[in-house]
Amino acid sequence: QLACPLDLGCHSVPSKEKSMAIHTIVLVQPQPNRASRTYLDFETIKQAMEGICQMFERELKAQYPSRAQITYDISDLYAFLDSLADISCLCFEPATGRYEPHDREWIKQRVYNHLRKLSE
């Protein structure tokens, strides 16, 4: 079980692996209303996964403003991702010159791998 204390500093641990420099756009629709659609732009997949974790952490801080520290595990993050009306990623593939779409399940796996590496 992965757990991350909510201090927004837990994502700054440098990765031992070279970060994949694949431009990534995260498309998010938090509410059923189409007007809630937005996007987040990142230089790498790793930064995109950090951005998704930080989006969740901001939501937790809004829900629990009086708590100095909030701990969550991967099931909480998955529940957050499932609560969004829609979330997907577009990752640039240099070989084809196109952006490849990835769904919510792909994001869950990537976020899990990202947090697992941070906990090592």
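**View 1. Nine nonpolar, four polar and three charged residues line the second largest pocket.** Here Ala, Val, Leu, Ile, Met, Phe, Trp, Tyr, Cys and Pro count as nonpolar, Asp, Glu, Lys and Arg as charged, and the others, Gly among them, as polar. The model is predicted: local features need pLDDT of at least 70, side-chain atom pairs count only at pLDDT 80 or more, and totals for chains, interfaces and linings use all residues. Residues are numbered from 1 along each chain as its sequence is written, and side-chain values use heavy atoms, with hydrogens and water left out. The pocket holds about 290 Å³ of space. Of its 16 lining residues, Met55, Glu59, Phe80, Ser83 and Leu84 are the closest to its centre. A pocket is an open set of points on a 1 Å grid over the protein atoms alone, where a 1.4 Å probe fits, with protein on both sides within 12 Å along at least five of seven lines; lining residues have an atom within 4 Å of a point. Grid points are joined across faces, edges and corners, and the volume is the space filled by probe spheres set on the points. Strand 3 (38–42), helix 1 and helix 2 (74–83) each supply at least two lining residues. Helix 1 gives the most, six. Helices (H or I, at least four residues) and strands (E, at least two) are DSSP runs, numbered from the N terminus.

**View 2. The largest nonpolar core has 27 residues.** Such a core joins buried Ala, Val, Leu, Ile, Met, Phe, Trp, Tyr and Cys residues through side-chain atoms within 4.5 Å. Val26, Met49, Ile52, Leu77, Ile87, Ile107 and Val111 have the most contacts inside it. Strand 2 (24–29), helix 1, helix 2, strand 5 (86–93) and helix 3 (104–119) each give two or more residues. Helix 1 gives the most to this core, with eight residues.

**View 3. Alanine 48 sits in helix 1 (residues 45–63).** Alanine 48 counts as buried because its relative accessibility is 0%; the cut-off is under 20% relative accessible area (1.4 Å probe, protein chains only). Beyond four places in sequence, alanine 48 touches Thr24, Val26 and Phe42. Contact means heavy atoms within 4.5 Å. Alanine 48 and valine 26 are 22 residues apart in sequence, yet 7.0 Å apart in space, C-alpha to C-alpha.

**View 4. Histidine 23 lies in the loop between strand 1 (3–5) and strand 2.** Its side chain makes a polar contact with the side chain of aspartate 41 (2.7 Å). A polar contact within protein pairs N or O atoms within 3.5 Å, one able to donate a hydrogen and the other to accept it; residues adjacent in sequence count only if both atoms are side-chain atoms.

Definitions and conventions: Buried < 20%, exposed > 50% of the residue type's maximum accessible area, 1.4 Å probe, protein only.
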